[in-house]
There are 2 protein chains.
Amino acid sequence: MTATETLSLGAIEDLAFRALVKAGTSPQNARPLAVATAMTEADGVASHGLAYIPIYAQHVVCGKVDGTAIPILSQPRPAVICADAATGFAHAAIDQGFEQLIPLARDMGIALLAVNNSYNCGVLGVHTRRLAEAGLLGLGFTNAPASIAPSGGATPVVGTNPISIAAPATGTGEHDSAALLIDQSASTIAKSEVMKYAREGRSVPEGWVLDEAGQPTTDPAAGLKGSMVPSGGYKGVGIALLVELLAAAMTGANLGTQASPFSGTAGGPPRTGQVFIAIDPQVSSAGGYADKLRCLVESIHAQEGARLPGDGRNTHRQRAGERGVEVNAALLETVRSLS
Amino acid sequence: MTATETLSLGAIEDLAFRALVKAGTSPQNARPLAVATAMTEADGVASHGLAYIPIYAQHVVCGKVDGTAIPILSQPRPAVICADAATGFAHAAIDQGFEQLIPLARDMGIALLAVNNSYNCGVLGVHTRRLAEAGLLGLGFTNAPASIAPSGGATPVVGTNPISIAAPATGTGEHDSAALLIDQSASTIAKSEVMKYAREGRSVPEGWVLDEAGQPTTDPAAGLKGSMVPSGGYKGVGIALLVELLAAAMTGANLGTQASPFSGTAGGPPRTGQVFIAIDPQVSSAGGYADKLRCLVESIHAQEGARLPGDGRNTHRQRAGERGVEVNAALLETVRSLS
């Protein structure tokens with residue numbers, strides 16, 4: 001059994017904040033990332049919570065991310081906000097962008113936030129959930145270093161590029177909640193899982209990765225040199241390309257083929273991008289949005305054993321708010337040594 | 001060998017137009033549908049071209065679609081256009097909506113068209129391509145009668161709900177072209193393919209459909225009573241739900257569980273929905289959009305055997321413009337008898 005310690009969400013945020021600041025991150029950049037780290041642990045996505053703090057700290061030190069960057073915001077058109085993350089953390093740029101995006105989407109009916117010169121934004125659904133909590137339908141897209149090959153090819157051209165949508169329960173304003181949250185990568189499995197198998201010296205199941213020649217393999221090291229299997233074949237490639245068009249070609253961020261890796265210390269800032277689209281869900285439904293959503297959710301909950309995307313994270317989050325989160329003791333020791 | 005006859009795109013449009021009008025469609029509703037029929041044949045998607053004209057004509061006669069409907073347009077917010085298709089053909093509502101959406105997206109940077117009380121919109125990519133040809137990144141979403149079950153369940157709750165994006169080559173204005181076109185359903189295979197196998201009395205390959213108990217089957221009839229397999233498992237369900245949130249819950253259209261079938265004559269109008277989001281791709285890339293897109297396209301074309309989504313349709317379309325389209329002679333006889 002792995003030794004764990006239970007921490008409150010406040011304690012997780014505080015610990016993450018101190019480690020980030022000690023590594024050289026400015027307090028205004030460390031705060032949104034520390035908040036997101038606590039929310040990610042609350043959602044039960046431990047792989048992207050405190051476990052990432054040592055990597056973030058290392059990347060501030062080696063210059064893969066500028067811990068003291070100041071995002072530059074602009075509004076080039078009435079319904080579009082741009083945030084140049086200036087090679088800093090994505091979270092500060094997204095946070096400041098959302099302050100403008102949310103009221104703008106309410107006014108305009110739809111608005112877009114384009115983030116470029118950015119970095120790994122962590123769990124995409126942590127961000128779209130905030131739009132839903134503000135009563136908006138929140139769509140999110142983020143690109144990543146290339147690891148998926150095109151159909152018929154073997155060389156990666158796009159990342160595992162996730163897509164997310166968070167749907168507010170009522171869509172009526174400030175204090176809403178995410179009734180349905182979808183957050184999924186374009187690959188069969190997350191790349192971080194393959195890296196975990198490689199570290200542990202285990203074979204991966206068939207259907208996760210391909211080698212450099214595009215052939216199936218169960219060797220995680222060969223897969224990491226080769227490519228990730230797209231979810232549903234060419235349709236997974238299609239989703240990854242859709243994300244690449246929005247999060248990179250449209251924002252001006254680096255394409256997956258141009259970006260430096262998210263892992264390791266080499267290559268300087270990845271300069272990847274994010275796009276968020278916020279929509280007022282009441283705008284064309286004549287007030288029927290909440291009823292339609294409830295009907296959709298009930299059609300799934302009515303089936304024994306059926307799963308609604310986001311239910312797992314919602315259950316985790318509620319329990320985490322009440323009882324805190326169990327954190328791996330060895331990881332906790334590492335993060336505490338950094339703080 | 002199947003007997004065919006070669007028709008020009010103009011002749012296909014004209015034939016479709018006359019058959020639709022003779023069935024009781026108003027000329028202003030028949031024209032955009034006839035144009036889309038010719039464009040669908042040009043793209044090489046014969047299953048959704050002239051082959052649908054007898055079904056459309058039948059649906060006008062039985063009242064599943066109102067051939068003389070007049071779409072009602074409104075602009076509830078500065079960046080949102082709504083089109084109530086009034087149980088008429090989707091194409092007329094989309095056409096009139098695009099007349100407002102395209103200039104609005106150029107002004108606002110992003111704009112949304114929500115269509116409700118609508119009908120099967122045919123090939124989604126035929127519509128998003130038009131946004132790309134106007135220099136805009138075009139996203140499209142349309143829902144359909146329920147045929148995909150949630151993960152862990154066996155009763156369908158969402159349709160095969162396709163998603164599409166069309167990317168303009170330059171993004172600089174009126175006379176652009178679609179350099180990349182993605183148009184894919186949330187299921188492993190289109191439902192129309194399963195219906196074709198059922199008509200022909202053939203077994204379908206494993207992995208296409210599930211029976212009413214949610215178990216794999218190769219019997220197309222059992223599959224049509226059961227459900228379609230989502231592409232990539234729960235991720236296909238996720239895409240279908242994303243589309244349902246936008247095209248139905250947000251527009252006020254019928255959910256997949258509420259909609260009458262697209263096939264057959266029973267149940268009255270399906271009242272499904274479509275959403276289109278148009279984005280000026282230059283707005284945040286500091287003019288770099290066209291270069292990024294070219295680099296992405298070249299990374300795929302540089303690999304022998306690799307396929308870029310949309311290349312097939314573009315090649316077909318060019319050839320169709322020059323040499324016309326081969327149409328099945330028996331189908332042609334049927335459509336001619338209706339015109």
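Guide: Start with one pair of residues. B:L210 stands opposite B:P216, and B:P216 lies in β9(B). Keep in mind that this is a predicted model. The strand facing β9(B) is β8 of chain B, residues 209-210. Two bridges hold β8(B) and β9(B) in antiparallel pairing.

Strand β2, residues 72-77, is joined to strand β3, residues 80-84, by four bridges. Within that pair, B:L73 stands opposite B:A83 of β3(B). The link from β2(B) to β3(B) is a hairpin through two residues.

Next come two helices of chain B. Here is how such pairs are described in general. Two packed helices are characterised by the angle between their axes and by the distance between those axes. Helix α2 (residues 27-42) and helix α4 (residues 90-108) of chain B pack with their axes 8 Å apart, at an angle of about 90 degrees. An angle from 65 to 115 degrees counts as roughly perpendicular, so α2(B) and α4(B) are roughly perpendicular to each other. From α2(B), the residues B:Q28, B:N29, B:P32, B:L33 and B:A36 meet B:H91, B:A92 and B:D95 of α4(B). By class, this contact has four nonpolar, three polar and one charged residues.

Cross over to chain A for another helix pair. Helix α1 (residues 9-22) and helix α2 (residues 27-42) of chain A have axes that come within 8 Å and cross at roughly 140 degrees. The pair α1(A) and α2(A) is therefore oblique. The crossing of α1(A) past α2(A) is right-handed. On the α1(A) side, the contact includes A:L9, A:I12, A:F17 and A:L20. On the α2(A) side, the contact includes A:P27, A:A30, A:L33 and A:M39. By class, the contact of α1(A) with α2(A) has 14 nonpolar, one polar and three charged residues.

Chain A also has an open sheet of seven strands, with mixed pairing. Follow its order: β2-β3-β4-β11-β5-β6-β7. At the edges stand β2 (72-77) and β7 (178-184) of chain A. Each of these has a single partner strand, so one side of each is left without a neighbour in the sheet. From one strand to the next, the twist averages 15 degrees. Look at the end with β7(A). Strand β6 (residues 163-168) of chain A runs antiparallel to β7(A), and six bridges join them. There, A:A167 stands opposite A:L180 of β7(A).

Chain B reaches this sheet. Helix α8 (residues 234-250) of chain B packs on it, touching β5 (137-142), β6, β7 and β11 (272-279) of chain A. The direction of α8(B) makes about 135 degrees with that of β7(A).

Helix α8 of chain A, residues 234-250, meets chain B too. The crossing of α8(A) past α9(B) is right-handed. A:L241, A:E244, A:L245, A:A249 and A:M250 touch B:Y289, B:K292, B:L293, B:L296 and B:I300. That contact of α8(A) with α9(B) has eight nonpolar, no polar and two charged residues.

Last, step back to the two chains together. Chain A superposes on chain B by a rotation of 180 degrees, with 0.0 Å of shift along the axis and an RMSD of 0.0 Å. This is the relation of a two-fold axis. Among the residues of chain A, A:G232 comes closest to that rotation axis, with its C-alpha at 2.0 Å. Of the interface residues of chain A, 100% are also interface residues in chain B, so the copies meet through the same surface.

Conventions
Residues numbered from 1 in each chain as written. Chains lettered and ligands numbered in written order. Predicted model: local features only at pLDDT ≥ 70, side-chain atom pairs only at ≥ 80, totals over all residues. Heavy atoms only, no water. Pairing = 2+ DSSP bridges. Axes fitted to C-alpha atoms, helices over the stretch in contact; angles between N-to-C directions. Contact = heavy atoms within 4.5 Å. Least-squares fit on C-alpha atoms with pLDDT ≥ 70 in both. Parallel < 35°, antiparallel > 145°, perpendicular 65-115°, else oblique. Left-handed = near helix turned anticlockwise from the far one by under 90°. Nonpolar A, V, L, I, M, F, W, Y, C, P; charged D, E, K, R; others polar.
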